[in-house]
Amino acid sequence: MRTVPLLGLIALLLPFSGSEAQRDRDRRVGGVPRDVALEVTRTFNAPATRRVRGDFSLAATDTVRGDIAVLNGNARLGGVVTGQVIVLNGDVLLLEGSRIERSLTVLGGTFESPDRPNVGGEIRVWSSRYRYHEDADTLVAETDFFARWSQWVRDDNTNNSESQLFVTTAHTYNRVEGLPIIVGPRFRARAENTRIRAELFGIFRTGDGLRWDRENLGHRALFEVRQGERKGIAVGGRLFDEVDAMEHWQLTEAEVGLNAFLFTRDYRDYWQRHGGQGYVSLFGGRGSEVRATYGRERWSSRRMRDVWSIFSSDVPWRVNPAADEGVMNLLTLSATIDTRTNAVNPRSGWYLRGEFERGSGTMDRFGTLTEGVRPESVGTVNVAPVALGDMEYSRLLLDLRRYTRLGPQAQLNTRVVYGGWTSGNALPVQRRFAVSGIDALPGFDFRRMLGSADVGTCATGSEEAYAALGRPAQCDRMVLAQVEWKGDFRINLFGDDKYGDSRWGFNGVRGDGTWVIFANSGRGWLVDNRVRPNGGGSGGTADPLDALMYKGIPSLNTWRTDVGGGFDFGDFGVYVAQAVSQSGLSPNVYVRLSRRF
């Protein structure tokens, strides 16, 4: 049940008449709720939705079958819409005789209609502007708290441009920055199928004190020109001095930030990047893209800081591992193919993403890893030895997902992730991998070392020595396979209505969802860098490195495996996972704020 703001309740009690009554009766006071912004974004991005940019008119003799979404334009409706109508940053006028069979939602505009509008569902109107940015042809709602602190916005409707002084968070709460805040102007312009975007942001890191010093300051600038609507080309460039995460492919930023803010648990490691890059991108369809990026940047480490958290404040933060430091030139080639029915809640389709990175430059300092992980001898086979000075490496990351609908209420989804070194010197610390924790193998604790050679993190030696380094990801390569079987379910807490479909709901979380049964299996390893008669990977010698060294993919009986199940309610899920490849481990119960994959 939605809570009606006090001013809205007063407005409902005042005696209005005619169109003025209808214009004000359904208006919400305050900012657009997060669940509403996400809801309309999903509808806009849905393949079946008819999307209109700019003004839209529907004659009295015309019919739109299905949903329609209007962005940055006014809607004048005289005919029939068999679905719902969403108008973002524009006004709506319903003419006499018009009909909307489902709901009407207006964000950033007004609503005007006859005395008794023919709308089958709920009418919702917020005068607050809908904030978003575009990724290819997909809208992404800007819903974080600081995004509502924009100081000024100027729109020029003649050329569909917008200027903003923007205040928001840079990415997520973490143990090396606290809550990073960005402030600065942003400009967007559109002329037919050409879009221009420019941003110039300063970054202030709250850290363990609001001090105005070099460690707390950064910047980010962007300029991009994009040609085409559903398919086309984009060219742009970036300048940056920012903190980046070492592994992005696992948990989402919201999940990482909340764990850090609430429980003093940060599931990522961080490093500093200062430089610039240019890119060119070919895009088409729902998120499909091919991109080439080249840049030059300086890498440096970031120290863990005394960042505040709500609970477990007496528990010390995990040390942030030291990164390799130097100046690197990076060439990155990436491609994405997305045929899913919906990016947020896919029922079927493929998602394929690949990224190849070639790095070359000069290293001034190496971060510390456990003994034997970084090759140092000259007697190498695959991986070139490491020494300060010139360095060159190649790295590949693949993420393949298949969503299969087995029936109206069942799905079978599979995922395979592979990443690793391909050539050159050994990978820098910030480009290595680990397979452990909630997103990969939730039946195993995050980077917990098991034995003297851990196949999840590639750590060697003692648990105490590994913990003192901050538990860095150390693997040259890793592979992860995931499978899940899902089915719909509903909860009827208060009995059935005449339709037999009465369900509870609160703030966008509904009493229906899916049950999930899953299994995960994977491991990491080091590329064999030693000349030995047995070829490595025997796992039966006295040297613990033998259990980590392989020239190809390790045999399946060396992989870690867990199984589990739970319930997925869309905005959050509750699961339990149990390790089955290792005895003596207790099951883990955990919460996700997004779907597993």
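Which residue in β19 is the bridge partner of Ile 182? In this predicted model, local features require pLDDT of at least 70 and side-chain atom pairs count only at pLDDT 80 or more, whereas totals for chains, interfaces and linings use all residues. Residues are numbered from 1 along each chain as its sequence is written, and side-chain values use heavy atoms, with hydrogens and water left out.

The bridge partner of Ile 182 in β19 is Ile 203. Strands (E, at least two residues) are DSSP runs numbered from the N terminus, and two strands pair if DSSP finds at least two bridges between them. Strands β18 (residues 180-191) and β19 (residues 194-205) run antiparallel and are joined by 10 bridges. Their hairpin has 2 residues between the strands, and Glu 192 takes a positive phi near 55° there.

A nonpolar core is defined as a set of buried Ala, Val, Leu, Ile, Met, Phe, Trp, Tyr and Cys residues joined through side-chain atoms within 4.5 Å; buried means under 20% relative accessible area, exposed over 50%, and partly exposed in between (1.4 Å probe, protein chains only). The largest such core has 36 residues, and Trp 249, Phe 433 and Leu 548 are among those with the most contacts inside it. At least two residues of this core come from each of β24 (325-338), β26 (389-407), β27 (410-424), β28 (477-490) and β31 (512-527). The most is given by β26, with 3 residues. Apart from this core lies another, of 20 residues, including Ala 75 and Val 106.

Phe 572 is located in the loop between β33 (560-568) and β34 (573-579). Phe 572 counts as partly exposed because its relative accessibility is 26%.

How values were computed. Helix = DSSP H or I, 4+ residues; strand = E, 2+ residues; numbered from the N terminus.
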